[in-house]
Every structure is written in structure tokens, then in C-alpha cells.
Amino acid sequence: MNHKIFWTLTPITLLATLAATHLIPHNVDSRVNQDFNNFKVSAIEQTREITQKFQAIISDISESTSSKDVLLAKASIPPNLSALEKGIIAETNRARTNPVAYAAQIQKLRSSYRGKILKLPGGVNILTKEGVKPVDEAVRALKATKPVPALRPSQGMSLGAKAHVKDQGPKGATGHNGSDGSRPWNRVNRYGSWQTVIGENIAYGPNTAQQVVMQLIIDDGVSDRGHRKNIFTPGYRVTGVACGSHKKYRIMCVIEYAGGYKEKS
């Protein structure tokens, strides 16, 4: 059986982002040993004031009419997930199950841009890579996207994501490879086995569920919009999420996706 792996990461400070992204089909049985190209991260220093002001903007964005049962895929949430981790699952499912409605939410950010500058309340300005272009592109893309099934939370995949957070956070490292050489599929397979297709997004910087998901969908500075593709891949049915402190970006969130997952008994 051929398996596919898709992964993307985004070093982010709020809406100022430069990211490296990789969309790599991979036959696991062939064990192709392919490392990421080195990438440079350039982001504006994150402050509490900027975080609070950004939150003031998105706090006015209303939730979609989808029920909480739909948002959480009508599944029990794995134990020990934080409110942020649960929120990312809910926010992702909100976008997946009603992309047109989510497009309207993203469009509300447009009025805060002046060229490549995102103007926040209180005179705080954030320099973005592309300005409003990826916002408009994301809105158009979501309006043309058919709804896809909500993702079911997985304890094993969340534990695999948590292992990467614990590895990178204290070091301030970035990327999909662990310090022990592990890849995303290696980490989730410690707690079960993924099926059919697997992917990973990593966000560095955002500290609310809406920030994380909207950043990944807008995908500023990422030419192939790989984060957005991961979120709306119809073949994904299961997800795992873990967030934690990061030495350089203060917070990071690792999000795993798979076509299926068998938990270890």
C-alpha cells in the first residue's frame, strides 16, 4: 500500500510570518531519507501588548452556526488536552465543515491592512510578507472549497505531537525533524499506527485557536499555501494537537492529521 505524507510548518509572530513549507509525497516502505532545506526565520518580536491587541480584533469574529458536537466530530476528547488544544480542533472543524462561512470571518481582517502593514488598535503595526494578498486569496479559495468531514481527535496522535513540543520548546528549535531524527510518522506511531495518509502543521507564536487556524489558512509568505492544503485535505479524518512553551516564539502548536489512526490498546 502506498502511503502519503504531507507536512508544513510556519514560524509566526502574530501576522508577521516567514515560513518554510514542504508538500512531499512519500512511500513509507521505501524509507526515503530526505531532510528539509535549511530555512531562515525572520519575525517581529512578539509582545504581550501586540498579542492582546490582536485578540481584540478577532474576538469580534462570531462563531459559525455549527454545533459543538460537529466541531468536535461527535467524539470524546482525549484526556489532558488543554483549552487551547481543544479549541484548535474545534476551530479547524469549523473551517472544514463550513468553509464559506469561515471565509467571511477571515475577510473581516482585511480592513486592518494598509499595504503590507497590519494595523492593530493603539497604533501597533505588524509587517507582513505579502500584505492583504493571501487574505483575499484565502477568502476566494474557501468560497470555492466544498465542506469536508470534521476531524476526530486522537489521543495517540496528540501524544506524538506533544513529544515534538517537549523536544523543540526548551531549545527554541523549529522544523519537523526531532532532535533524535524522528519524523512526524515516527512520533505518532509510538502510541498507535497511522493509516493511509499523514500530515503535520506547526505554528510558532499564535496563542489562541483562531490565531493558529487563521494564520495557517491565510498562509502569508508560503508560496504553495501548504498549511491551508493540509487543513482542507478531504482524506484526513483524525487529528492530534499539542501546544507548549517555546524558547524563541513563546508558544508552539503541533497539529497532526491522518486518514485513520489505530490507538495502542
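This is a predicted model: local features need pLDDT of at least 70, side-chain atom pairs count only at pLDDT 80 or more; totals for chains, interfaces and linings use all residues.
**The chain overall**

Let's start with the big picture. The chain has 9 helices and 10 strands. Of its 265 residues, 54% are buried. If you look at contacts between residues at least 6 apart in sequence, 74% of them join residues at least 24 apart.

Now for the inside. Nonpolar side chains tend to be buried together in soluble globular proteins. Here the largest nonpolar core counts 36 residues, and the members touching the most others are Ile88, Tyr102, Ile106 and Ile217. Several elements give two or more residues to this core: helices H3, H4, H5 (133-143) and H8 (209-218), plus strands S8 (192-204), S9 (238-246) and S10 (250-263). The biggest giver is H8, with 7 residues.

Ile88 is a handy one to click on. Beyond its neighbours within four places in sequence, Ile88 is in contact with Ala209, Val212, Val213, Val241, Cys243, Cys253 and Ile255.

H4 takes part in both of the helix pairs below.

| Helix pair | Angle between axes | Axis distance |
|---|---|---|
| H3 (residues 83-97) and H4 (residues 99-107) | roughly 115 degrees | within 5 Å |
| H4 and H8 | about 95 degrees | 11 Å |

With that angle, H3 is roughly perpendicular to H4. On the H3 side, Glu91, Arg94, Ala95, Arg96 and Thr97 meet Pro99, Tyr102 and Gln105 of H4. Sorted by class, this contact has 3 nonpolar, 2 polar and 3 charged residues.

For the other pair, H4 is roughly perpendicular to H8. Here Tyr102, Gln105 and Ile106 from H4 meet Gln210, Val213, Met214, Ile217 and Ile218 from H8. What classes of residue make up the contact of H4 with H8? There are 6 nonpolar and 2 polar residues, and no charged ones. Tyr102 and Gln105 of H4 turn up in the contact with H3 and again in the contact with H8.

Finally, have a look at Glu130, in the loop between strand S6 (124-127) and H5. Glu130 and Gly221 are 91 residues apart in sequence, yet their C-alpha atoms are 6.3 Å apart in space. Setting aside neighbours within four places in sequence, Glu130 is in contact with Lys116, Asp219, Asp220, Gly221, Val222 and Arg225.

How values were computed: Residues are numbered from 1 along each chain as its sequence is written. Side-chain values use heavy atoms; hydrogens and water are left out. Axes are lines fitted to C-alpha atoms, for helices over the stretch in contact, and angles run from 0 to 180 degrees between N-to-C directions. Helices (H or I, at least four residues) and strands (E, at least two) are DSSP runs, numbered from the N terminus. Angles under 35 degrees count as roughly parallel, over 145 as roughly antiparallel, 65 to 115 as roughly perpendicular and the rest as oblique. Contact means heavy atoms within 4.5 Å. Ala, Val, Leu, Ile, Met, Phe, Trp, Tyr, Cys and Pro count as nonpolar, Asp, Glu, Lys and Arg as charged, and the others, Gly among them, as polar. A nonpolar core is a set of buried Ala, Val, Leu, Ile, Met, Phe, Trp, Tyr and Cys residues joined through side-chain atoms within 4.5 Å. Buried means under 20% relative accessible area, exposed over 50%, partly exposed in between (1.4 Å probe, protein chains only).
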